[in-house]
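I opened this notebook to record what I looked up in the structure below. The entries go from the whole chain to single residues.

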Amino acid sequence: DHRMTMPPDSDPLSELALGFANGAYSPYTHCPSGVAFRLTNGDMLGGAYAENAAFNPSISPLKAALIALTVAGGHVSEVTEAVLVEQKSARVSQEPSFRAVCAAVLPVFAAVRVNHAVSAI
């Protein structure tokens, strides 16, 4: 657990992404992150960053969330909202690739947000 926190008034989707970020495996960069999706039916799911010992290919939190969506039988066309949570001071940021991939694969109406968590460590 990375013990990152966000303001107490954070929305449930951001809290879910925070939970994934806190469970991320990032022993090399120490830059945990998580992504959560809300679907048209109201369901929420997501994924966490998982580093590989060789750094490549690590699994981005967005890729993990897309895999979870596929395993659940969903499709990117059902995503109405996507949230990335990471540390503001992260040496490695998922934000640029998160925004680029979301723009390329998610529906045009999907809301895409990035929230920054505070590390308690």
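**Entry 1: the chain as a whole**

I began with the surface: the chain exposes about 6,200 Å², of which carbon and sulfur atoms supply 59%. I note that the model is a predicted one. I then looked up burial and found that buried residues make up 43% of the 121 residues in the chain.

For the charges, I compared the mean positions of the 7 positive and the 10 negative ones, and these positions lie 7 Å apart. For the contacts, I took those with a separation of 6 or more; residues 24 or more positions apart account for 62% of them.

I read the extent of the C-alpha trace along its principal axes as about 35 × 35 × 25 Å.

**Entry 2: elements and their order**

I counted 3 helices and 5 strands in the chain. Read from the N terminus, the elements run β-α-β-β-α-β-α-β. The radius of gyration of the chain is 13 Å, close to the 14 Å that the globule rule gives for 121 residues, so the chain is as compact as a globular protein of that length.

**Entry 3: the sheet**

I next asked in what order the strands lie in the sheet. The sheet is open, holds 5 strands in the order S1-S5-S4-S2-S3, and has mixed pairing. Strand S1 (4-5) and S3 stand at the edges with a single partner strand each, so one side of each is left without a neighbour in the sheet.

**Entry 4: strand S2 and its two partners**

I gave strand S2 (residues 33-39) an entry of its own. S2 is mostly covered, with 6 of its 7 residues buried.

On the side of strand S4 (residues 79-87), I found 7 bridges to S2, and the two strands run antiparallel. Within this pairing, I located Leu39 opposite Val79 of S4. Ala36 stands opposite Val83, also in S4.

On the side of strand S3 (residues 44-48), the pairing with S2 is antiparallel too and extends over 5 bridges. Here Ala36 stands opposite Gly46 of S3, and Val35 has Gly47 of S3 as its bridge partner. Ala36 therefore has a residue opposite it in S4 as well as in S3.

I also checked the cover of S3: 4 of its 5 residues are buried, and the strand is mostly covered.

Which residues other than glycine have a positive phi? I noted two of them. Arg3 has a phi near 55°, and this residue lies in the segment before S1. His30 has a phi near 60°, and its place is in the loop between helix H1 (12-22) and S2. I looked up the accessibility of His30 as well: with a relative accessible area of 53%, His30 is exposed, because the cut-off for that class is over 50%.

Where is Asn56 placed? I found Asn56 in the loop between S3 and helix H2 (61-71). Its relative accessibility is 60%, and Asn56 counts as exposed.

Ile67 lies in helix H2. Is Ile67 buried or partly exposed? At 45% relative accessibility it counts as partly exposed, because the value falls between the 20% and 50% cut-offs. From Ile67 I went back to Phe37: the pair is 30 residues apart in sequence and 12 Å apart in space, C-alpha to C-alpha.

Methods. Residues are numbered from 1 along each chain as its sequence is written. This is a predicted model: local features need pLDDT of at least 70, side-chain atom pairs count only at pLDDT 80 or more; totals for chains, interfaces and linings use all residues. Side-chain values use heavy atoms; hydrogens and water are left out. Buried means under 20% relative accessible area, exposed over 50%, partly exposed in between (1.4 Å probe, protein chains only). The radius of gyration is taken over C-alpha atoms; the globule rule is 2.2 Å times the number of residues to the power 0.38. Contact means heavy atoms within 4.5 Å. Accessible areas come from the Shrake-Rupley method with a 1.4 Å probe; for residues, only the protein chains shown count as cover. Lys and Arg count as positive and Asp and Glu as negative; His and the chain ends are not counted. The place of a charge is taken as NZ of Lys, CZ of Arg, CG of Asp or CD of Glu.
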